Amino acid sequence: MNFLNQIIQGVLLGGFYALLACGLSFMFGVMRIINLAHGSLAILAAFLLMGFCNYTNLSPFIGLLLVLPVMALLGWALQFTVLDRSLRAGPLIPVLSTFGVAVILDNSMFEVYGANSQSLGPNIGNLAYNSWNLTNTISIAQLDALVFVTAVVVLGGLQIILRYTALGRTIRATASDPAVVDLIGVNARMVYAAAAAMAMVMIGLAGAFLAMRNSFDPYAGGPQLIFAFETIVIGGLGSLWGTLVGGIVLGVAQNIGATISPHGFLIAGHLTFLVVLVARTFGGRIAWRALLPKRAAS
Amino acid sequence: MNILSVENLECRHGLLVAVRGISFTMAEGEILALVGANGAGKTTLLRSIAGAHNPASGRVTFDGQDVTKLRAYKRVARGIALVPEGRRLFADMTVEENLRVAGAHGRKGTWDLPAVLDAFPQLKPKLKARSGDLSGGQQQATAIGRALMTNPRLLLLDEVSLGLSPLAVDQVYESLNGLMNSGTTIIIVEQDLRRAIAVSSRIICMLEGAIALEGASAALDREVITAAYFGLHRQTDTAP
């Protein structure tokens, strides 16, 4: 029963990882940029939200109405100040420049907010600890359920936008061939800016939920970047629903690892990531296709 | 009034000069065939007119306005559309999505999805198909349709029949027929001389980045064009 509980909690944790990873995955899918500032930007959103809550004494969920548009604007600005210029210099330069952004952000947040751990847990009242008890041993935290549902809504919404709206078609066309969309009247730089803004909204949501579920400090971005990376690699690059699957696999592995040993949480997650990575790279593509015919085809 | 005028255009790829000081003008409704061997500079010339390649010097004037420095997407809004060599469709998107995405960003006008499907009926059953899965002829039709969705006043067609079966080429030209009679100004790059002469009102033959021969299609015969194509008459031209 305990084992089942760990799996359920792992699935819910997977929802958070999926939410954390979708901005990173989306930005890579559209702009071919590996955004190493991803985790730090999520922490920035968390601090912005904390600032809002401390100043107004309002709920973080109201604060999101302000913080998410601010994050979108930041994404827009990031595209024109950093990403666009680095992209023109070659595919590796964005890795360096976003790493630079991460360093600047981490240390600036340390300067402004200090080294103390913060949390928005106290600001969301009993949502922080309320749960539904399914059986004597299995209960589902309401916040975890909310995060999972949010992840599904974000991924589903993103898929609907990409498939059924004019903006989505433009984004997909630009991702497919940025030189050719120019020839049909699309300004690829503006599409990139829109994509960066959308990715930043997702990053903002992830940062907010991170702040509500856990504690965070100015240097907490790095580990979050790693979890997001592992989620994407496990789930398959460029696949939206794969991101959810990747998050769930990572979350379940971590929780099962934690049951086996107190140190098992991170180790099991990293091991699962490594196994998937090695299997994908060397494990015989034929065997992989036989196991997961759908993913291999995509 | 000339719709397009190209003056002393020079284009480079690094150190290589692909287009050497080309000048020509086009009247509205004219159909110009651009012929010449591989590497003569035809594609680079078309790309410079469309804005996909920055010329080193010279001027491109469209509809009385200098567009030399204008980015390609802004030229689309003025009415220049290029069907690129190799078709370059958005392979993971359906035919309909390829067409619609162009329609959403081009000029407004008479070309919309039903009009393009009327011109290229072979696309009707393929609307929901991934464009990457289509045959070469269907892909070329989609690429031309995609350019038409932006309602161009000047359509640039690069290597329409490259890599297509003779049957598919016939079909594409049959569909282009209506377009050519509709008054759209067209520059077409075509390797098949017989076809180039048949569809165009004027021919420019390029050789090593310059114009080797220019004239009304009806007045030129294949021997003269072939001689210019291979640079056979240059010796006599430049002799003292």
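Author: Let us begin with a hairpin: β4(B) and β5(B) form one with two residues between them, and B:D63 in the turn has a positive phi of about 55°. Elements such as these are DSSP runs numbered from the N terminus, helices being H or I of at least four residues and strands E of at least two. This is a predicted model, in which local features need pLDDT of at least 70 and side-chain atom pairs count only at pLDDT 80 or more, while totals for chains, interfaces and linings use all residues. Residues are numbered from 1 along each chain as its sequence is written, and chains are lettered from A and ligands numbered from 1 in the order in which they are written.

Reader: Why are α2(A) and α4(A) called roughly parallel?

Author: Helix α2 (residues 38–56) and helix α4 (residues 93–113), both of chain A, pack at an angle of about 25°, with their axes 9 Å apart. Axes are lines fitted to C-alpha atoms, for helices over the stretch in contact, and angles run from 0 to 180 degrees between N-to-C directions. Angles under 35 degrees count as roughly parallel, over 145 as roughly antiparallel, 65 to 115 as roughly perpendicular and the rest as oblique, and the two helices are therefore roughly parallel to each other.

Reader: Which residues of α2(A) meet α4(A)?

Author: A:S40, A:L41, A:I43, A:L44 and A:F47 in α2(A) meet A:A102, A:L105, A:D106, A:M109 and A:Y113 in α4(A), where contact requires C-beta atoms, placed from the backbone, within 7 Å.

Reader: What makes A:F16 buried or exposed?

Author: A residue is buried if 20 or more other C-beta atoms lie within 10 Å of its own, exposed if 12 or fewer, and partly exposed in between, with C-beta atoms placed from the backbone. A:F16, which is found in helix α1 (residues 2–31) of chain A, has 24 such atoms within 10 Å and is therefore buried. Not counting residues up to four places away in sequence, A:F16 touches A:V147, A:F209 and A:R213.

Terms used
Pairing = 2+ DSSP bridges. Contact = placed C-beta atoms within 7 Å.
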